[in-house]
Amino acid sequence: MKNNLEKIIEDNKIRENKYTLERKAEIENPGTLAKRRDFLKKTALGGMSLSALMGLSLGDTLAETSRDVNRFSNPTDLKITDMRYCVTSVLGRTAIIRIDTNQGIYGLGEVRDGADPRYALMLKSRILGENPCNVEKIFKIVKQFGGPARQAGGVCAVEMAMWDLCGKAYNVPAWQLLGGRYRDTVRLYADTPEGKDTKDQQEKIKYRTETQGYTWLKMDVSINEIRNIPGCLVNPEILKSGASQWQGGYMSYANTMHPFTGIQITEKGLDELAKIVENVRAMVGPEIPISTDHYGHIDLNNCIRLGRALDKYRLAWLEDMVPWQLWQQHKTITEALETPTTTGEDIYLLENFKDLIDNHAVDIVHPDLASSGGLLETKKIGDYAEEKGIAMAMHQAGTPVSFMANVHCAAATQNFLALEHHSVDLPWWEDMVKTVGGFKMIEKGYANVPLTAPGLGIELNDEVVKQHLNKSDQSYFEPTPEWDEKRSHDRTYS
């Protein structure tokens, strides 16, 4: 009868032989990128075949397995040598960064949609020469340069790239480095499609739910939908400065916080907005969660009135009804309504979520990993919320790089509900990357968690990305020596 040690060694041989075959198949796969193939060849168990161990005696096996052999790379001596970028046209403008090392492996990160890649590039001089496997150390070096919303884009991009590099160096998925996974698939939520009429919208919703397989949807319930219907709004005058919620001059509606617009919704306006939700609920059915967003810049009292008008439709959540900074107002809204509330896509760091969580000001936290601090900080946010009985959904609107970072984080966080996928109908979006090992990124409304692919589990498909660069910047991962030199003293205390 085999003793325990012999059984362990035999099991290890079986697993290692399986891994050798998988690695060999990946090297021989025509779809494997050249850089990935070279890395696999250079780092394969110091040149020794794993399957060669199968025929060794117990003593020989112990001798071989105790040798000072580096199986995947040399993580201890890994150093950051460069940071480069490209700007894609995803959501108008979304930048991807690449952090290179002295061992030929690199990590990918993403600067949040609409943010300037210079948020990341100015961090280059702070991290050159650092070992990317020291993820938390590097995060603490750069986190002071982040801020709310897009201002955090550079810090989060660097953090994503560190986990990608670290996973590649140790040949494990990012979720494993975060402590392991709770799930093999990650539920996604997608926009509710609109149509030119009710019949057209019904057909598009059927395609979204039955053909594409999405089981969670989100829709806008905006005052912009009713602004041209007489008698729906009180004080619509401010909308004449520009009805967009996202762009405008400093004193425009877009840049006026919700309590300061003076806009109110009349009973007629509430009825019209309720009809919009009622029609979608009737088309979707009672079982699929419908989240809502983008109500317009209305004050606390009108948020409560609108929320009560929509309570009967059993919505999954009401999102960002007032700015995230006004946590006391969020608490008042939450306590007044039956529908769950959420905020968080523009919040940077766990410390800025704590008032919302500690005071149960929302029912669900909703961080965007490209603004919240990256993978580890977002997991910390989820874990902290879980302790207080609060769930976590995740906002995401970017390229497959940020998407996969979110998938790893969601897999490693227990109280996770659903992850936003904002590019469902962009035909070339998934083609921007190749998955390591060939796993399918999305199937029937769920993202597949890479179970063996290292790091984030993807490599860029250069030709596709080059076809979809932003017109304002057609460069593609060119050298950035102008960002090498550090020109300031960064310490925040005397």
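How many cavities of 30 Å³ or more does a search of the whole structure find? Two. A cavity here is a set of points on a 1 Å grid over the protein atoms alone where a 1.4 Å probe fits but cannot get out.

Before you click around: this is a predicted model, where local features need pLDDT of at least 70, side-chain atom pairs count only at pLDDT 80 or more, and totals for chains, interfaces and linings use all residues. Residues are numbered from 1 along each chain as its sequence is written, and side-chain values use heavy atoms, with hydrogens and water left out.

**Stop one: the second largest cavity**

Select Val135, Glu136, Phe139, Glu159, Trp163, Leu376, Glu377 and Lys380, which line this cavity; lining residues have an atom within 4 Å of a point. The space inside is about 50 Å³, a volume being the space filled by probe spheres set on the points, which are joined across faces, edges and corners. Now colour α6 (135-142), α7 (153-170) and α15 (375-387): each gives the lining at least two residues. Helices are DSSP runs of H or I, at least four residues, and strands are runs of E, at least two, numbered from the N terminus. The lining has four nonpolar residues, four charged and no polar.

**Stop two: the sheet**

Next, show the open sheet of three strands, ordered β1-β2-β3 with antiparallel pairing. β1 (80-88) and β3 (106-111) are at the edges with a single partner strand each, so one side of each has no neighbour in the sheet. Strands count as paired if DSSP finds at least two bridges between them; β1 and β2 (residues 94-101) have eight, in the antiparallel sense. To see one of them, pick Arg84 and its bridge partner in β2, Arg98.

Notes
On a 1 Å grid over the protein atoms alone, a cavity is a set of points where a 1.4 Å probe fits but cannot get out, and a pocket is an open set with protein on both sides within 12 Å along at least five of seven lines; lining residues have an atom within 4 Å of a point. Ala, Val, Leu, Ile, Met, Phe, Trp, Tyr, Cys and Pro count as nonpolar, Asp, Glu, Lys and Arg as charged, and the others, Gly among them, as polar.
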